[in-house]
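Please study the sequence and the structure shown below, and then work through the exercises in order.

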Amino acid sequence: MTIVVQAAHPTVYGENGVVVAHDLEACNAGIEILKAGGNAVDAAVAVSYAMAVTHPQAGNLGGGGFMLIQMADGSKFAIDYREMAPGNAHRDMYLDDSSQVIPGLSTRGGLAVGVPGTVAGLQLALDKFGLLSRKKVMKPAIRLAKKGFHIPYDLAYSFGWLNRAAEGYDETRRIFCRNGEIYMPGELFKQPDLAKTLRLIQKKGNAGFYSGPVAEALVKSSAAKGGTITLEDLSNYEPHIREPAKGTYRGFDVLSMPPPSSGGIALISMLNMLEPMNFDSVGWHSAQHIQMMAEVEKRAYADRSVWLGDPDFFEVPQEKLLSKAYATLRMMDYDSLSITPSDSVYPLNDSDLAEIDLTGYESEETTHYSVVDKWGNAVSLTTTLNWSFGSYVTVEGYGFLLNNEMDDFSSKPGEPNSFGLIGNEANAIEPKKRMLSSMTPTILTKDGKVVLVVGAPGGSTIITTVLQVINNMVDYGMPLQDAVNAPRFHHQWRPDLINYGPRAISPDTAELLRNMGYELVPRSAYGEVNAISRDQIFGGWIGAPDYRLSSHAAAY
Ligand code: DON
């Protein structure tokens, strides 16, 4: 057997449907369901369950996600199945007696776990928008768990890493690391416990996960590692269908994830800030280009820190933040020749916001997949356990990991979380509140027809990754695969620096930027974009998997 270590998998073309996701088995699960008469939503649910088997770093039953749907009839929905804080969570739960954040408490172990939303979210999607039964769409995942799949190189690597990192998490090491006798690339990996859990969900739906033996084991496993999730928390979990965040960019309609993700609002506000700028004479990744993007990014992320949180708990001024008027106000102090240091970029205050007049003015280890079908329905879906393998807590006897999403709250207002993101009141911990996310599943349409389905993992960098793919295509005319593969850079206001991936900024460009006052910090490749666009020549779909993490695409 040839074991692939790193590959740029083919860009694909299909008229009847395309799936782009990390794992080939998951792509094939989606195509199998499309061929069986399912629509993009059925296929996305099948891919989600398959990814829970083949990609345990991020694909999940014990986490949450966002599913953005654009149906061919023009209707649009954002399904929010983000995790919630348990009922007895409280604002200072990660602080010691002197109000300092206790390292690790919000990131590993039972207290890091939010109430999982995935199973309920997928069920809601299927009930409202799918065509096929749960029994049918879960079949490929159950087969993969029961019969096994050959461990890809990157998964074997992650398991080896987990074996060292998850010391003391015996069930996790038993299931994923064979108690220390780690799996080699290419070995057949079967997950009978997970297959049992999937079959229970297949048979009973939400009741198979949120009550009964799985729920009881979940509560027990979380408690054994210091967690406080109760059976009541589980039975109370509810996904929501929300109105997507909407904007426009140079003639395209942009649809993205609303709060509790910050992604849609930050993405659309950055596009609004970029729209008045002319890229015609601005070289791609020139100092001027990077300056324009970085200045826009730091302004949007500054407002993210104050104005974004769970809309069920905090009044997010969504309409204002999405308006062109806000973008104009925000860019008043922008100077194309110089830097505005983050210390001088203040989040807008109440009176600034009051100035915005809406009259006259018309979104490390998460995974994203994109799915389209022959009718023109599209699903853009990002899902996560937060960090790779989440909290490290595996539900004993049931073979699945629990998230560490609680770290996406601000443990202490004003202090950065593990992605360096600052949050304040809007994202303080409260019982049953959803933690703020950066996940940005996005769809662009033109004249009501889908032209781009896009999203990415990467914590705080997700939003600027999606922004750059759109910028690459719309402003620099790149074909989809080039736009996906192109190197990227990132500014998030705090810390006040530009991170950039390999080959994203040439040394002479870096010199120009440093002379302007920017601090530049190189980093490894990030952001596995899995995207689909409408083919302009034959009218079908193009699926473009990111070469960075050897993603896959399948079509028919
Ligand atoms: O919801 C969020 O924004 C984060 N929990 C996503 C985490 C992530 O992307 C990790 N990945 N690389």
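The exercises below concern a helix, aromatic rings and charges over rings. This is a predicted model, in which local features need pLDDT of at least 70 and side-chain atom pairs count only at pLDDT 80 or more, while totals for chains, interfaces and linings use all residues. Residues are numbered from 1 along each chain as its sequence is written, and side-chain values use heavy atoms, with hydrogens and water left out.

**Exercise 1.** Determine which residues of helix 7 are buried and where they pack.

*Solution.* Helices (H or I, at least four residues) and strands (E, at least two) are DSSP runs, numbered from the N terminus. Buried means under 20% relative accessible area, exposed over 50%, and partly exposed in between (1.4 Å probe, protein chains only). In helix 7 (residues 170-177), the buried residues are Glu 171, Thr 172, Ile 175, Phe 176 and Cys 177. These buried residues pack against helix 6 (153-165), strand 6 (188-189) and helix 8 (192-204), where contact means heavy atoms within 4.5 Å.

**Exercise 2.** Classify the aromatic pair of Trp 161 and Tyr 392.

*Solution.* Rings of Phe, Tyr and Trp (its six-membered ring) pair if their centres lie within 6.5 Å; planes under 30 degrees apart count as stacked, over 60 as edge-to-face and the rest as tilted. The centres of Trp 161 and Tyr 392 are 6.5 Å apart and the planes stand at 70°, so the pair is edge-to-face. Trp 161 is partly exposed because its relative accessibility is 31%, whereas Tyr 392, at 5%, is buried.

**Exercise 3.** Identify which charged residue lies over the face of Tyr 392.

*Solution.* A charge sits over a ring if NZ of Lys or CZ of Arg is within 6 Å of the ring centre and within 35 degrees of the ring normal. Arg 108 lies over the face of Tyr 392, 3.8 Å from the ring centre.
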